[in-house]
Amino acid sequence: MDINSVVTPRMGVSAGEILGLFRGVSDGLTKADVMRRTGLSRTTVNQRLDGLLAAGLLIPAPEDARTRGRPAGQFVVNHDRGVLLVADIGATGLRTALCDLSGRVRSEREASADVTAGPQTILGIVDELFTEILEEEHQRPSAVLGVGIDVPGPVDFASGRVVSPPIMTGWDRFDIPGWFASRYDCPVLVDKDVNAMAFGEQRLRYPDVPHLLMVKVGTGVGTGLVAGGQVHRGADGAAGDVGHTQVTVEDTAEPPVCRCGNAGCVEAYAGGWALVRDLREAGREVVTVDDAVRLIRGGDPVAVRLARRAARILGGAIADTVNLFNPRVIAIGGQLAHTDELLFAGIREIVYRRSLPLATRNLQIVRSDLDPHAGILGLAQLLVDGIYAPQRIQELVDGAVV
Ligand SMILES: [Zn+2]
């Protein structure tokens with residue numbers, strides 16, 4: 001047995017970690033670069049790179065379009081070794097995409113669909129769109145190395161099942177990974193939509209900020225936490241459901257009933273569906289959350305008053321989360337994030353007043369940059385992390401004929 005294969009993993013320079021060096025640079029690296037960065041001998045670097053090349057994980061750097069030459073001795077990560085399929089399932093619509101192994105979207109499809117139609121119908125639509133984009137990109141199902149699905153409800157992450165979702169009628173305990181298992185021979189990841197959004201926003205927009213809170217104010221109110229650069233799902237996958245914490249609102253005699261069955265939840269006042277309900281009660285002709293957003297943006301006095309109240313209630317819930325969790329960035333997405341400064345001003349005012357000064361000293365409250373693509377981009381990043389896990393890379397290298 002080669003001594004290096006015994007010694008180097010203990011020294012922290014496995015094939016997976018060397019691949020990690022390549023993933024961390026925008027251009028390629030040469031053997032000399034790898035030797036310099038790891039302190040490994042030429043023989044060991046040669047052996048590691050040969051393994052990564054044989055497994056198809058690395059390729060020689062492609063020709064430079066400007067200089068019309070191949071950068072001498074450079075290697076890059078082979079992001080086209082396979083593809084990823086991701087689907088962001090919302091309450092009233094869904095978005096699917098095919099991504100390369102860097103997580104970059106190569107093709108995308110959207111559809112309107114009510115999530116209450118149930119898992120067979122909704123996943124059937126997702127599967128049709130997946131088939132279409134695979135064909136468009138000239139890829140076979142066998143090229144799919146990961147499928148990622150996010151849903152607007154609580155998910156037991158380990159089993160990939162939705163658990164007692166407030167709005168996803170018919171989905172309780174449905175085996176989503178099992179449904180895809182007969183179609184694609186690869187891992188199927190299922191997560192709560194806001195977790196995927198939080199991860200996408202953190203990885204792609206705030207890579208140097210390991211603690212980020214994502215708040216989605218769409219039909220409902222959802223939150224996702226990234227702590228230490230990883231999604232914080234909690235013991236059972238239920239972490240960060242701020243939308244269903246209870247609040248006391250002074251000008252309300254009877255707390256409104258929430259979609260979860262309780263009364264007085266944050267989203268029963270501040271969710272898009274609650275604003276639609278209150279606007280209709282006030283005699284406004286609104287049907288969808290987008291209608292409500294249009295009224296707010298148009299300056300309708302009732303709509304503006306309700307939106308200000310929603311912002312204060314959200315601000316209170318977010319302030320509590322800030323005290324508990326101390327994020328550096330709060331990214332806000334969802335349709336109601338498009339009510340211009342109204343929502344942000346209200347949230348900022350309450351958060352800066354009620355959270356600890358130490359927690360707000362460097363806090364940024366911003367609109368989500370990636371929304372409405374944050375979900376699919378975050379799913380792709382979650383899958384990429386699994387695909388490039390050092391253990392999995394080692395297995396691929398061991399399995400390749402060098
Ligand atoms: Zn609730």
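**Interface between domain 2 and domain 3**

In this predicted model, 15 residues of domain 2 are in contact with 19 residues of domain 3. Of the area that domain 2 buries against domain 3, 36% is supplied by Val-194, Asn-195 and Met-197, more than by any other three residues. The two domains together bury about 1,400 Å² between them, with carbon and sulfur atoms giving 58% of this area. The C-alpha centres of domain 2 and domain 3 are separated by 25 Å.

The domain assignment places these two units within a protein chain divided into three parts.

Two salt bridges are counted between domain 2 and domain 3. A salt bridge is formed by the side chains of Lys-216 and Asp-193, with an N to O distance of 3.1 Å. Residue pairs in polar contact between domain 2 and domain 3 number four, with both partners at pLDDT 80 or more.

On the side of domain 2 that touches domain 3, at least two residues each are supplied by the strands β7 (155-156) and β9 (188-192) and by the helices α7 (193-205) and α14 (374-387). The largest share, four residues, comes from α7. By class, this side of domain 2 contains nine nonpolar residues, five charged residues and one polar residue.

Methods. Residues numbered from 1 in each chain as written. Predicted model: local features only at pLDDT ≥ 70, side-chain atom pairs only at ≥ 80, totals over all residues. Heavy atoms only, no water. Domains from an automatic or database assignment. Contact = heavy atoms within 4.5 Å. Buried area = accessible area lost by both parts, 1.4 Å probe. Salt bridge = Lys/Arg side-chain N within 4 Å of Asp/Glu carboxyl O. Polar contact = N/O pair within 3.5 Å; in protein donor to acceptor, adjacent residues only side chain to side chain. Nonpolar A, V, L, I, M, F, W, Y, C, P; charged D, E, K, R; others polar.
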